[in-house]
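Please read the following note with the sequence and the model open side by side. It is written as a set of numbered points, each on one topic.

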Amino acid sequence: MKNTFRNLICLLALIMAFSCSNSSDDSPTSGPTELPDAIRASFEHAISPSDPFVLLLTNTTSYYLPYTGMWDYGNGTTAIADGTSVKEVRYDAAGRYTISLTVSSDGITNTMSKDIIVDENGICPNAVCGDLNTSSLKDAATTFSVGTITRSPYVNAGGKHTEILVSEFNNLTSEYEMKMNVMYPSEGNYDFSAGDAIVDFAQANGMNVHGHALIWHNATPSWVENFSGTDAEFETMVEDYITTTLEHYKGKVRSWDVVNEAFEDGSGHPLRNSVFRQKMGDDYIKKCFQFARNADPDVLLFYNDYNMASSPTKREAMFNLVDSLGDLVDGVGAQMHISYNGPSAANIQAVADGTVSRNLKLHFAELDIRANPEEDTSVSSLSTDRANAQKEKYKEVVQIYNAIPLDNKFALTVWGVRDNESWLLDFWGVPDWPLMFDEDYNKKPAYAGFLEGLQ
Ligand code: G3I
């Protein structure tokens, strides 16, 4: 009985999909691909390219049954154009508006809401208004460098990406092209061309470069992984590689991550059994720092790792390592791949305190803040509430960094410019918005959080 009724509903839905007429409440025009549990309201909003006071609202709700949709544009505002798919709504008065779309079908009702802010200039992109549009991160951070990452194709292409690099940042890290697998692709054959493009761009725009990373188990060329010579020849090869690379970038690169992510995450955090450890011994890290110091005594040398805040035991292992390096190490790079809801401020503060107590420089080296650590695959956009929670986390991280003594300050680097370029999207495979700019290069509340963290 139940299946006959269900098949009847599906047949009706298909007939409806091809016969629905337009009305002030929203109805679908095309059929479903799969049967979701319950209707979920969904809409996109964008500022009209022709009028900063006009918002374009598009109902993106998808459901296999007919449904009714009702808009509330906030504070009694009415639509100036009531199209079937796109609503145009004018917001003349400054203020905060909550826009809602409520959809109902089969007795189920669901609402999606988003807040917008309007000021004297119009609707603020991502609720980021006023002077924030005229500010810049690098100018606001007067006691440390503000960094981000780039790639040689990006700097060669120019455009909005490089515009943002130059206007907002004064420290650059190569996302992946100044690592061994790119710079030393085969024995005796160095390729610095991609790194050079980034360094030349930085020099041309008065920016510092942070070299990342000389030795990393995840960016080791296969010919090194399968090195055929003796251990002594291997060590000589590593010394030659570090010396050649630092001499090539002498005076152009201010600092280097000599070794990245040397510890296992498991209990006791033993050293990873990388080919460097196998061939050079447990003290391979110290040897690499010594090679670097010998090659360029003026460049700042960092040890870089992740989970420094979220794992107190890994943090302890890292600090024991830098203690063992003595004056061969100048700073600690805490990557800071975190989430809006953790690690706690106390744990982040512990990274700062441990570094300051050792008179070392601190680099928050790869900051990004997941807005969807719950890995909710049904979310299609960054909600206002979550954007504000992320903003508060950016503010918290910057406040902690900005409060350390001047001598320990170095740089705070964000691991990407636009949300859609973040490595996190491929790595976790779920929707997320971890950075300070959206895909249209609009500043997000996260950007405001960074600036508020400096106040
Ligand atoms: O650009 C090429 C593309 O032309 C080619 O078609 C494609 C397929 O081979 O590769 C692309 O390059 C990839 C690059 O990311 C850009 O997507 C490289 O193979 C890939 O290795 C590189 O991954 C980088 C990864 O480190 C390994 O170097 C990520 O961008 C980068 O975000 C990630 O960064 C690491 C930090 O160095 C250390 N801490 C964790 C962080 C995230 O994993």
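The points below go from the whole protein to its sheets, its ligand and some individual residues.

1. Basis of the note. This is a predicted model, in which local features need pLDDT of at least 70, side-chain atom pairs count only at pLDDT 80 or more, and totals for chains, interfaces and linings use all residues. Residues are numbered from 1 along each chain as its sequence is written, and side-chain values use heavy atoms, with hydrogens and water left out.

2. The protein as a whole. The protein has 15 helices and 17 strands; these are DSSP runs numbered from the N terminus, with helices being H or I of at least four residues and strands being E of at least two. Of its 455 residues, 51% count as buried. Here buried means under 20% relative accessible area, exposed means over 50%, and partly exposed lies in between (1.4 Å probe, protein chains only). The accessible surface comes to about 19,800 Å², and carbon and sulfur atoms hold 49% of it; such areas come from the Shrake-Rupley method with a 1.4 Å probe, and for residues only the protein chains shown count as cover. Among contacts with a separation of 6 or more, 73% are between residues 24 or more positions apart, a contact being heavy atoms within 4.5 Å.

3. An open antiparallel sheet. Strands of a sheet pair through backbone hydrogen bonds, either parallel or antiparallel.

4. Strand 6 (residues 95-105) pairs with strand 7 (residues 108-119) over 11 antiparallel bridges, and threonine 102 has threonine 111 as its bridge partner. These strands form a hairpin with two residues between them. Strand 7 is also joined to strand 8 (residues 122-123), in the antiparallel sense, by two bridges. The partners there are valine 118 with isoleucine 123 and aspartate 119 with glycine 122. Strand 7 and strand 8 likewise form a hairpin with two residues between them.

5. An enclosed strand. Why is strand 9 (residues 145-150) largely enclosed by the rest of the structure? Six of its six residues are buried, so the strand is largely enclosed. Ser145, Gly147 and Ile149 point one way, while Val146, Thr148 and Thr150 point the other way. Strand 9 pairs in the parallel sense with strand 17 (residues 409-414) over four bridges, where serine 145 stands opposite alanine 411. Strand 9 also pairs in the parallel sense with strand 10 (residues 171-174), over four bridges; there glycine 147 has asparagine 171 as its bridge partner.

6. The ligand. Which of the 13 residues around the ligand come nearest? They are Glu175, Tyr176, Lys179, His212 and Glu366; a residue is near a molecule if one of its heavy atoms lies within 4 Å of it. The shell divides into four nonpolar, four polar and five charged residues. In that division, Ala, Val, Leu, Ile, Met, Phe, Trp, Tyr, Cys and Pro are nonpolar, Asp, Glu, Lys and Arg are charged, and the others, Gly among them, are polar. A polar side-chain atom of glutamate 175 lies 2.6 Å from an oxygen atom of the ligand, and one of glutamate 261 lies 2.9 Å from a ligand nitrogen atom. The protein covers 54% of the 790 Å² of accessible area that the ligand has on its own.

7. Tyrosine 91. This residue is in the loop between strand 5 (86-90) and strand 6, and it counts as buried at 1% relative accessibility. A polar atom of its side chain lies 2.8 Å from the backbone oxygen of tyrosine 73. Tyrosine 91 and valine 54 are 37 residues apart in sequence and 6.2 Å apart in space, C-alpha to C-alpha.

8. Backbone points to check. Most residues other than glycine have a negative phi, and most peptide bonds are trans. Aspartate 106, however, has a positive phi near 55 degrees and is exposed, with a relative accessible area of 59%. Histidine 269 has a positive phi near 45 degrees, but counts as buried at 7% relative accessibility. A cis peptide bond joins histidine 212 and alanine 213, with omega about 5 degrees. The bond from glycine 342 to proline 343 is also cis, with omega near 0 degrees.

Definitions and conventions. Pairing = 2+ DSSP bridges. Polar contact = N/O pair within 3.5 Å; in protein donor to acceptor, adjacent residues only side chain to side chain.
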